[in-house]
Amino acid sequence: MKRHNFSAGPCILPQEVFEQASKAVLNFNALDLSILEISHRSKDFVQVIESARSLVKKLLKLGDDYEVLFLQGGASLQFVMVPFNLAKEGGNPAYLNTGTWASKAIKEAQRLSTVDIVASSKEQGFNHIPKDYTVNENADYFHCTSNNTIYGTQMKSFPDVKVPLVCDMSSDIFSRELDFTKFDLIYAGAQKNMGPAGATLVVVKKDILGKTGRNIPAYLDYQVHIDKDSMFNTPSVFAVYVSMLTLHWLDQQGGIPAIEKINQEKANLLYAEIERNPMFKAYAVAEDRSTMNATFNLVDEAYQDKFDGIWMDAGINGLKGHRSVGGYRASMYNALSLESVQVLVDCMQELEKQA
Ligand code: PMP
């Protein structure tokens, strides 16, 4: 039996995607060739990447003013590409610091320009999303992180800013409805809700590009990737293929509105138990809790071995918190079922009984 996989990423993907992908490794599109051995310029793969691109636009409800790219280098390379493409020499981009990944994005931007950190929740251990801040109208852009994978906080709303709005959606893209047209640039490593590690999704509004006057290295230049249809160099063929399958699966489920309903049910079930069960306490403040990554701790650490034994015996995987915060983190990405969350809740109740 498959394990209940709460891993933070790479993470669970739909079982049928694993099955389709494994068939394509042996024989893709009845070509008598593996997906791993065909040219990225073959008709069959070009169809895959085009289909992935149009599914992204369909699911996010975006028009032709946006380009969809499948790059490599993870979200971490986007920490570099964003300032290269959007911050002018001597410019001053604005960043919201809500966690480890936001801090890394800030650090990379600071290599190129001064950065205005509009607010930070670092002093409180990144347990909430700061809300009281303003973004200067002269900022090159405003960068935020929609979901903080490590701390389990999530932005429930986004500010109306007069500058390009850039968002790292690595750990909650395709999980909830948002007005995606509000954003000028969205990026996400594939390895949560989209596919395997190795592909990075970038969705960019074309009219924000080409304004910095910088001499951008070709690989880091969004316009180069747009002009080459994401084939400036060999794309991660398999990761793009599996992403296409997952996007197709999501579309078949009823798209983002349908999955958001299930994601909310899963999160409600788990957070209700964290609140109810006297053995546990939540890490993040209630109003900012993430529907994707729930972080929580034992009230008494002495029960750690006992609790770990219970959930491991129940077939749960990937529940340990990030090494920087400890405790527990239950990642409930799109492909995780409500039943798996119920198994975790049962384990928490079992600990309460045994204590
Ligand atoms: N941003 C967020 C919100 C993340 O969760 C992660 C990875 N977990 C990253 C950025 C870094 O992504 P990558 O490993 O793809 O560079």
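The model shown is predicted.

**View 1. The shell around the ligand.**
By class, this shell has two nonpolar, eight polar and one charged residues. The residues around the ligand include Gly9, Gly74, Ala75 and Ser76. Trp101, Thr145 and Thr149 are also among them. Helix 3, residues 74–86, gives the most to the shell, with three residues.

**View 2**
Domain 1 covers 15–252, and domain 2 covers 255–354. Their centres, taken over C-alpha atoms, are separated by 27 Å. On the domain 1 side, 22 residues are in contact with 23 residues of domain 2. Strand 7 (153–154) and helix 6 (237–252) each supply at least two residues of that domain 1 side. By class, the side of domain 1 that touches domain 2 has six nonpolar, 11 polar and five charged residues.

**View 3. Helix 7 against helix 9.**
Helix 7 spans residues 255–276, and helix 9 spans residues 338–354. The two pack at an angle of about 0 degrees. Their axes are 10 Å apart. Angles under 35 degrees count as roughly parallel, so helix 7 and helix 9 are roughly parallel to each other. Helix 7 brings Ile262, Glu265, Lys266, Leu269, Leu270 and Glu273 to the contact. These meet Leu338, Val341, Gln342, Leu344, Val345 and Met348 in helix 9. The residues of this contact divide into eight nonpolar, one polar and three charged.

**View 4. Helix 8 against helix 9.**
Helix 8, residues 304–313, packs on helix 9 at an angle of about 140 degrees. The axes of helix 8 and helix 9 are 9 Å apart. That angle makes helix 8 oblique to helix 9. Helix 8 passes helix 9 in a right-handed crossing. From helix 8, the contact is made by Lys306, Phe307, Ile310 and Trp311. From helix 9 come Leu344, Cys347, Glu350, Leu351 and Gln354. By class, the contact of helix 8 with helix 9 has six nonpolar, one polar and two charged residues.

**View 5. Leu344 of helix 9.**
Leu344 is part of the contact of helix 9 with helix 7. Leu344 is also part of the contact of helix 9 with helix 8.

Notes: Residues are numbered from 1 along each chain as its sequence is written. This is a predicted model: local features need pLDDT of at least 70, side-chain atom pairs count only at pLDDT 80 or more; totals for chains, interfaces and linings use all residues. Axes are lines fitted to C-alpha atoms, for helices over the stretch in contact, and angles run from 0 to 180 degrees between N-to-C directions. Helices (H or I, at least four residues) and strands (E, at least two) are DSSP runs, numbered from the N terminus. Angles under 35 degrees count as roughly parallel, over 145 as roughly antiparallel, 65 to 115 as roughly perpendicular and the rest as oblique. Two residues are in contact if their C-beta atoms, placed from the backbone, lie within 7 Å. Ala, Val, Leu, Ile, Met, Phe, Trp, Tyr, Cys and Pro count as nonpolar, Asp, Glu, Lys and Arg as charged, and the others, Gly among them, as polar. A residue is near a molecule or strand if its C-beta atom, placed from the backbone, lies within 6 Å of it. Domain bounds come from an automatic or database domain assignment. A crossing is left-handed if the near helix is turned anticlockwise from the far one by less than a right angle, and right-handed if clockwise.
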